[in-house]
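Please read these points with the model open beside you.

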Amino acid sequence: MASVTKRDYYEVLGVKRDASEDEIKKAFRKVARQHHPDLQSDPNEKKKAEEKFKEAGEAYEVLSNAEHRKRYDMFGHSGGPQGFGGAEGFAGAGGFGDIFGDIFEDFFGGGRGGRSRAEQGNDLQYNLELTFEEAVYGKEAKLKIPRWETCESCNGSGAKSSSSVKSCPGCGGSGQIRLQQGFFTINRTCGQCQGAGQIIAEPCTTCRGQRRVYKERNLSVTIPAGIETGMRLRLSHEGEHGVNGGPPGDLYVAVAVKPHPVFTRKGNDILVDLPVHFATATLGGKVEVPTLKGKTTVKVPEGTQHDRVLRLKGIGAPALKGNQMGDQLVRIKIQIPTKLSARQRELLDAFAKESDLSGETNGEGIFDKVKNMFD
């Protein structure tokens, strides 16, 4: 009797030898659908499909198991001294039953589960706009959150009363209908009760059998001091309620801070541009500076240059973690007068004549600097 030579398992599934686990799984699904026997009407083609379907299943069982795949790569179809532990019987490979169940659902519809499972409620996001001051110092925010909540009238059952819940006549209360498809027997979710195993004869008058109602919930949320645009606060279990006894989702509060006409944030520091007369910047003096807590006085040193930054310690924004406080940064913006009186012009002319305005800066004029670049 002539021996039958098996095809290479990678060739059977149409994947490369370095294919990932996910690529192998997708390839098997594709081949299994293509050669499923129940899709063939011709008896001869059905027989060929059964052989290819079994061949694909054998290849998947070996290649989907890391240890089996390693032995196959080393020893081929024999699997070495240990073999594959029943590969030809389609037993022992991880996830094999699950993927067949997925394929059954693709062919025949429905699910493999029994009664309806509990499902977690959806997460929600609330977009909260804060003023600059509220973001720096924090606040207690009052929110109104529209969401689905479990119906209190029926406690989430969807029925008018406990006597209104009947066993499903379609599946006898199991939530599944047993079907024979060729040489496979599968369980399909009951279409009459959607897998719940029960039907509601008289729905709840409040939720009309939906088990949940759409309501607006009032919440109080503490906004921490120092929060910034783009940050989110998570409130556990404040999202939509789940169904069939599932837990609620979470609520995320997304923060956006409105711009301030005077101040900007730079991390935990607060920046303000301060207009200063050129005479004050030249001679020095004291000027008033606005802060979030009111006005204060700052000393402008003699000879202060444009865009110089003065730092006021400890009156910035607080850090979200710890007790550190940022500073207020005062950026000097020197103001140049656009209209001069005759006397002011006379004095400035005298100042210009007294000063060397030929471009000398720190002992070296601009023309000397350019000349030095080429020397």
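1. Buried here means under 20% relative accessible area, exposed over 50%, and partly exposed in between (1.4 Å probe, protein chains only). By that rule, phenylalanine 28 and tyrosine 60 are both buried.

2. The model is predicted: local features need pLDDT of at least 70, side-chain atom pairs count only at pLDDT 80 or more, and totals for chains, interfaces and linings use all residues. Residues are numbered from 1 along each chain as its sequence is written, and side-chain values use heavy atoms, with hydrogens and water left out.

3. There are five aromatic pairs in the structure. Rings of Phe, Tyr and Trp (its six-membered ring) pair if their centres lie within 6.5 Å; planes under 30 degrees apart count as stacked, over 60 as edge-to-face and the rest as tilted. Tyrosine 10 and tyrosine 72 make a tilted pair, with 6.0 Å between centres and 50 degrees between planes. Tyrosine 10 belongs to helix α1 (residues 9-13) and tyrosine 72 to helix α4 (residues 66-75), 62 residues apart. Helices (H or I, at least four residues) and strands (E, at least two) are DSSP runs, numbered from the N terminus.

4. Tyrosine 10 has a relative accessible area of 2%, so tyrosine 10 is buried. The pair of phenylalanine 28 and tyrosine 60 is stacked because the ring centres are 4.6 Å apart and the planes at 15 degrees.

5. Four strands form an open sheet with mixed pairing, in the order β10-β11-β15-β14. Two strands pair if DSSP finds at least two bridges between them. The edge strands, β10 (263-266) and β14 (309-312), each pair on one side only.
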